[in-house]
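Take a walk through this fold, one element at a time.

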Amino acid sequence: MDSMTSHPDHESPIHDDGTRLHGEYKVPGGKLVVVDLEVDDGRFSKVSLSGDFFLEPDEALEDINRALTGLPDNSTAADIAAAVAAGLPEGAVMFGFSAEAVAVTVRRALSKATGWADHQWEVIPPSVLPTQVNVALDEVLTEEVGAGRRNPTLRFWDWEEPSVVIGSFQSVRNEVDPDGVSRHGITVVRRISGGGAMFMEAGNCITYSLYLPQTLVDGISFADSYAFLDAWVMAALEKLGITAFYVPLNDIATDQGKIGGAAQKRLANGGMLHHVTMSYDIDADKMVDVLRIGKEKLSDKGTRSAKKRVDPLRRQTGLARSLILQAMQDVFTERYGAMETRLTQSELDEARQRVDAKFGTDEWLNRVP
């Protein structure tokens, strides 16, 4: 039976007495996993796993504790998950958690993985900037967070000029129709994250970027990190009467259709970018006039028309874009104790310099011609 006790989404690691280590991890959509352990001569000892999960057979809990006991304290999340999986008896059933969830919990106990509550979060509200500057800021702020010069930050975009932002690895000629771009006065920009092209007119999208340390997703698979980092968005949409969910790998949808998509980039300095664009009131006719969306792109989407893939938030909510943005900011702020802040002048100056040196150049735009 589930406990009625309220747990925060992600607890900080606790070092009880300098030797006993404690970690907690709430599996997104699943159960709470807790571990207490000690480290003796560089190896785990006195391991005790607990939580409100389900596990059969009952004796498998001790099998997991035995599998963790003796592992080196520098074990990676993959090492820990593999040991747990290997230690389980044949036919064991884990419900509400997984070997990977145990690994995240252990890494948190060791302070090698972090939770949301371990960081002071900041929120930058929308401010109108050229699309090229918005893209450049994603690189600048991800680097700043990775280097520890800025707190982890959520930034909402805004812009005026109609734009197409293509993924880091996309071909310009394959994604964009030059006649449509010319006819509609579209600015085409390449971003640092992968994923697909985004058609963005002023006021027709909701776009945000999350800049975070990679420790927040330590032990979480690349695929699972998308839904993990957007749990707050799903909660905000739920408050607005929309039940949204992830369609692997990176599409966000409701039962009425796709509403958005996400992309990520991880930097060598430990910083990470998680970027999302959601359709608010998109002009589908113009979109297909500007983007080349072929049959192969739609082949596994269960639809024959690109127009039918996108179901804007305006129609689903009946709310102004500003109200949806505010609801998102409110939920993030309340959930993670975030403080509202602004871009610094030095960050803006650096972004504009990178537009001149990189993001505004033909060389960058056409790096995959």
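Angles between axes under 35 degrees count as roughly parallel, over 145 as roughly antiparallel, 65 to 115 as roughly perpendicular, and the rest as oblique. The model shown here is predicted. Keep both points in mind for the helices.

Two packed helices are described by the angle between their axes and the distance between the axes. Start with helix α8, residues 231-239, and helix α13, residues 321-336. They pack at an angle of about 125 degrees, and their axes are 9 Å apart. α8 and α13 are therefore oblique to each other. The crossing of α8 past α13 is right-handed. On the α8 side, the contact is made by A231, W232, V233, A235, A236, L237 and K239. On the α13 side, A327, M328, V331, F332, R335 and Y336 take part.

The axes of α1 and helix α2, residues 77-87, come within 8 Å. They cross at roughly 135 degrees. That angle makes α1 oblique to α2. α1 also passes α2 in a right-handed crossing. From α1, the contact uses D63, I64, A67 and L68. From α2 come I80, A83, V84 and G87. The residues of this contact of α1 with α2 divide into six nonpolar, one polar and one charged.

Now turn to the sheets. Eight strands form an open sheet with mixed pairing. Their order is β13-β14-β15-β16-β12-β8-β7-β17. Which strands stand at the edges? They are β13 (245-247) and β17 (339-340). Each has a single partner strand, so one side of each is left without a neighbour in the sheet.

Strand β7, residues 122-124, runs parallel to strand β8, residues 153-156, and three bridges join them. Here I124 stands opposite R155 in β8. Helix α4, residues 131-146, packs on the sheet. α4 touches β7, β8, β12 (205-213) and β16 (271-279). The direction of α4 makes about 20 degrees with that of β12.

Further along, the pairing turns antiparallel. Strand β14, residues 251-254, and strand β15, residues 257-266, are joined by four bridges and run antiparallel. A253 stands opposite K258 in β15. β14 and β15 form a hairpin, with two residues between them. β15 also pairs with β16 in the antiparallel sense, over seven bridges. There G261 has T277 in β16 as its bridge partner. The hairpin of β15 and β16 has four residues between the strands. In this hairpin, G270 takes a positive phi near 95 degrees.

Another open sheet has three strands, in the order β10-β9-β11, with mixed pairing. Its edges are β10 (187-190) and β11 (198-200). Each edge strand has a single partner, so one side of each is left without a neighbour in the sheet. The twist averages 20 degrees from one strand to the next. Strand β9, residues 163-166, runs parallel to β10, with four bridges joining them. V164 stands opposite V188 in β10.

Next come some details of the backbone. Where is P57 placed? P57 lies in the loop between β5 (54-56) and α1 (60-68). A cis peptide bond joins E56 and P57, with omega about -5 degrees. Another cis peptide bond joins P248 and L249, with omega about 5 degrees. L249 sits in the loop between β13 and β14. D41 is in the loop between β3 (32-40) and β4 (43-51). Phi of D41 is near 50 degrees, a positive value in a residue other than glycine.

Last, the aromatic rings. A pair of rings is described by the distance of the centres and the angle of the planes. Rings pair if their centres lie within 6.5 Å, and by this rule the count comes to 15 aromatic pairs. One of them is W121 with Y336, whose centres are 6.4 Å apart. Their planes stand at 40 degrees, so the pair is tilted. This pair links distant parts of the chain, 215 residues apart. W121 is in the loop between α3 (99-109) and β7, while Y336 is in helix α13. Y336 is also one of the residues that make the contact of α13 with α8.

Definitions and conventions. Residues numbered from 1 in each chain as written. Predicted model: local features only at pLDDT ≥ 70, side-chain atom pairs only at ≥ 80, totals over all residues. Heavy atoms only, no water. Axes fitted to C-alpha atoms, helices over the stretch in contact; angles between N-to-C directions. Left-handed = near helix turned anticlockwise from the far one by under 90°. Contact = heavy atoms within 4.5 Å. Pairing = 2+ DSSP bridges. Phe/Tyr/Trp six-rings, centres within 6.5 Å; stacked < 30°, edge-to-face > 60°. Nonpolar A, V, L, I, M, F, W, Y, C, P; charged D, E, K, R; others polar.
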